[in-house]
Amino acid sequence: MDNLLRLAWRNLWRNKRRTWLTVSAIAFITVLMVFLITLQLGSYDLMIDSSLRIFTGQMQVQREGYLEKPQIRTVIPEAQAVAQRLRAEPALDQVGVAVRAQAFALASSANRSFGVQVVGSEPEFEPKVSTIPHQIKTGRWLKDLHAQEAVLGSTLAQNLRINVGDELTLLGAAMDGSVAATVLPVVGIFESGMIDLDRVTVTLPLATFQEIFGLGSNAHAIVFLAPDLKQLPALYTEVERQIPPTPSLVVLNWERLIPGLKQLTQADWTTGWFMYIALIAVVTFSILNTFIMSVLERTREFGIMLALGATPLRIGSLVFTETVFLALLGLGIGVGLGLVIAGFLSVYGFTYPGLKELMGQYGLPGLIYPQLSAVSILLGPAVILAFILVAALYPALRIRKLEAVEAIHAV
Amino acid sequence: MEPNTVVCHQVTKVYRQNSVSVHALTDINLEIPKRDFACLSGPSGSGKSTLLNLIGGLDKPTSGEISVDGQRVDQMAKSELAALRLHKIGFVFQAYNLIPVLTARENVEFVMQLQGLSAGDRRDKAMQILKEVDLTGLENRRPAELSGGQQQRVAVARAIVSEPSLVLADEPTANLDSKTAQALMELLVHMNTDHNVTFIFSTHDKLVMDFSRRLIKLHDGKIVEDKRRE
Ligand SMILES: Nc1ncnc2c1ncn2[C@@H]1O[C@H](COP(=O)(O)OP(=O)(O)O)[C@@H](O)[C@H]1O
Ligand SMILES: [Mg+2]
């Protein structure tokens with residue numbers, strides 16, 4: 001069988017220029033796919049990472065059932081103490097850990113009212129799990145755990161016609177069902193870049209919140225943010241091991257917290273592949289054309305082989321092998337170049353005009369780092385290979401119809 | 001009397017193209033005994049190639065029976081024909097017989113390779129036969145680096161190397177000058193006697209016919225003369 005390989009390899013170089021052109025075409029589409037796919041996956045990472053950094057965090061501990069039905073009494077008891085213990089864990093050294101309490105309320109200014117989400121945050125730890133404390137447009141972030149003050153989203157402030165120094169009235173239901181009401185001065189207005197957040201969020205110091213809503217030492221979420229999303233699986237196991245067994249607390253990763261985020265990337269991924277498949281198909285067709293040419297111009301030679309007793313299957317295998325060589329050569333070069341480019345960009349990052357400015361405005365990085373993994377690098381080339389091999393079947397199968405006499409008389 | 005290598009009985013071949021039908025061969029009856037060295041002669045279009053192709057199982061007769069070594073070629077399936085050609089029949093065509101990317105030796109080895117011989121055996125046999133056709137020293141040249149006569153010698157070596165029952169050569173000298181043609185014919189005669197192989201070749205060259213021991217003349221698809229010339 002090594003002779004078939006040798007014959008196929010030599011046949012490949014009968015028309016050097018054509019072979020190199022075909023190899024280049026395959027290499028080009030391969031580089032393009034490696035570049036586009038690693039970058040696309042990298043952009044999802046950036047998008048997900050950025051979205052999570054704004055408010056949700058990568059992971060949260062909640063009381064079981066709170067995610068499905070966020071009622072004020074579905075609490076984590078002694079939440080700050082639990083968080084404090086977790087912060088002391090060496091494994092969570094680099095991880096931001098912050099406690100939050102949350103409730104719905106009616107927010108009113110002098111002449112307007114809106115339904116809002118009130119968030120009780122730890123002023124000291126919140127900056128480690130959220131960009132909001134860093135994105136104060138006017139005024140300042142919350143001073144300390146017990147301060148009687150509020151920070152709210154820019155759209156909400158606009159809607160309420162309220163500014164720093166004005167007073168904000170909150171009216172809601174406390175944990176025991178009684179009325180929770182307070183008036184707080186606005187000390188800061190933030191603009192997170194996430195419209196929904198800027199329109200409905202009012203942030204208070206956690207202790208103030210607990211007092212207003214009769215929460216005691218309870219809270220609703222412990223939010224986690226690791227420097228890198230890749231650390232999440234390890235973090236998840238660690239936190240799951242550390243949280244108290246009773247009452248039933250659950251560790252929820254971001255996919256559970258915001259399922260829409262994953263779906264968004266999946267939808268984009270699907271649309272992306274429509275384009276990729278179209279591109280690959282176009283290149284495959286042009287390659288198929290040269291395959292067919294190279295077979296047709298050897299009709300007589302194949303006729304001689306048939307006369308000598310070679311089976312059409314064997315000649316078909318020969319032609320198919322030639323294509324496999326061609327494809328592997330192009331894919332090899334393409335993957336090599338693609339790796340160099342993706343590797344370079346994974347160090348220095350990739351950006352396009354405007355991206356950095358747009359993201360930077362909200363305290364987010366504007367550089368896309370291609371996702372370098374076996375899947376992200378080899379997926380494109382694998383699809384290309386599959387297309388080429390299927391295309392290569394066509395000339396190989398056509399040879400089965402070759403008639404020796406006619407073939408020998410072909411010029 | 002030797003057993004017959006080839007027997008043709010009432011062989012007719014009609015080519016149909018659209019509405020036109022060409023009677024390439026009509027009622028051919030022919031017996032070629034083992035070790036024969038027969039020449040099919042006749043003008044262009046007389047049916048020489050058609051007859052050789054039918055005997056070699058490259059094409060099927062419209063009617064009639066053809067046997068090679070007692071096996072009915074006209075009734076065989078394609079795969080059986082491929083096996084028959086591989087093991088029993090050698091072919092030499094007019095020109096461009098060789099696989100261009102293989103050296104002379106590799107071309108000779110090609111058939112043995114299909115037969116599944118070991119690399120060592122192939123090599124030894126190929127070197128031996130190339131010596132017999134006087135190509136020692138040129139084993140590693142590719143066809144493009146050989147003259148027309150040398151190429152035909154390689155083709156003859158390839159046809160003979162696995163000792164088939166029958167070698168069919170369709171105008172093997174047509175592209176050669178007369179001196180080279182004569183040398184090639186001398187080689188074929190040699191092969192016929194040394195290797196006990198039956199030869200059927202075609203030509204319309206008087207000089208080449210003179211080498212044969214039996215001259216079969218075709219005209220318009222019929223045998224018009226069949227004589228031994230001992
Ligand atoms: N594939 C074919 N289709 C139609 N007619 C053919 C075909 N091959 C040969 N012929 C015709 O059959 C006759 C015999 O051809 P051929 O056997 O090639 O003669 P020769 O080899 O003696 O020159 C010629 O008239 C030729 O035109
Ligand atoms: Mg002819």
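I took buried to mean under 20% relative accessible area, exposed over 50%, and partly exposed in between, with a 1.4 Å probe and protein chains only.

**Entry 1. Basis of the notes**

I worked on a predicted model, in which local features need pLDDT of at least 70, side-chain atom pairs count only at pLDDT 80 or more, and totals for chains, interfaces and linings use all residues. Residues are numbered from 1 along each chain as its sequence is written, chains are lettered from A and ligands numbered from 1 in the order in which they are written, and side-chain values use heavy atoms, with hydrogens and water left out.

**Entry 2. Helix α10 of chain A**

I looked up helix α10 of chain A, residues 299–308, and found 10 of its 10 residues buried. Helices (H or I, at least four residues) and strands (E, at least two) are DSSP runs, numbered from the N terminus. The buried residues of α10(A) run from A:T299 and A:R300 through A:E301, A:F302, A:G303, A:I304, A:M305 and A:L306 to A:A307 and A:L308. After α10(A) comes A:G309, with a positive phi near 110°.

I then followed A:E301, which counts as buried because its relative accessibility is 11%. A:E301 forms a salt bridge with A:R14, and the closest N and O atoms are 2.6 Å apart. For this term I used a side-chain nitrogen of Lys or Arg within 4 Å of a carboxyl oxygen of Asp or Glu. The pair links distant parts of the chain, since A:R14 sits in the loop between α1 and α2 (16–56) of chain A, 287 residues from A:E301 in helix α10. A:R14 itself is partly exposed, at 34% relative accessible area.

**Entry 3. The contact between chains A and B**

I noted that 25 residues from chain B and 25 residues from chain A take part in the contact. Contact means heavy atoms within 4.5 Å. About 2,200 Å² is buried between the two chains, and carbon and sulfur atoms give 60% of that area. Buried area here is the accessible area (1.4 Å probe) that two parts lose on being put together, summed over both.

Seven residue pairs, both members at pLDDT 80 or more, are in polar contact across the interface of chain B and chain A. A polar contact is a pair of N or O atoms within 3.5 Å; within protein, one must be able to donate a hydrogen and the other to accept it, and residues adjacent in sequence count only if both atoms are side-chain atoms. On the side of chain B that touches chain A, α2 (78–88) and α3 (104–115) each supply at least two residues. Of the elements of chain B, α3(B) gives the most to that side, with five residues.

Which residue of chain A pairs with B:E106 at 2.4 Å? The partner is A:R10, the closest N and O atoms being 2.4 Å apart. A:R6 also forms a salt bridge with B:E106, at 3.7 Å between the closest N and O atoms. A:R6 lies in helix α1 (residues 2–12) of chain A and B:E106 in helix α3 of chain B, so this pair joins two chains. A:R6 is partly exposed at 31% relative accessibility, whereas B:E106 is buried at 6%.

I found B:D36 and B:R228 joined by a salt bridge of 2.8 Å, N to O. B:D36 is in the loop between β2 (20–33) and β3 (37–41) of chain B and B:R228 in strand β10 (residues 222–228), so the pair ties together parts that are 192 residues apart in sequence. Is B:D36 buried or exposed? B:D36 is buried, with a relative accessible area of 2%, and B:R228 is partly exposed at 44%. Salt bridges that share partners join B:D36, B:R214, B:D226 and B:R228 into one network.

**Entry 4. Two buried residues of chain A**

I located A:E122 in the loop between β3 (113–121) and β4 (136–139) of chain A. A:E122 counts as buried at 5% relative accessibility. Leaving aside neighbours within four places in sequence, A:E122 has contacts that include A:Q80, A:R87, A:V97 and A:L206.

A:T182 belongs to strand β7 (residues 179–190) of chain A and counts as buried at 14% relative accessibility.
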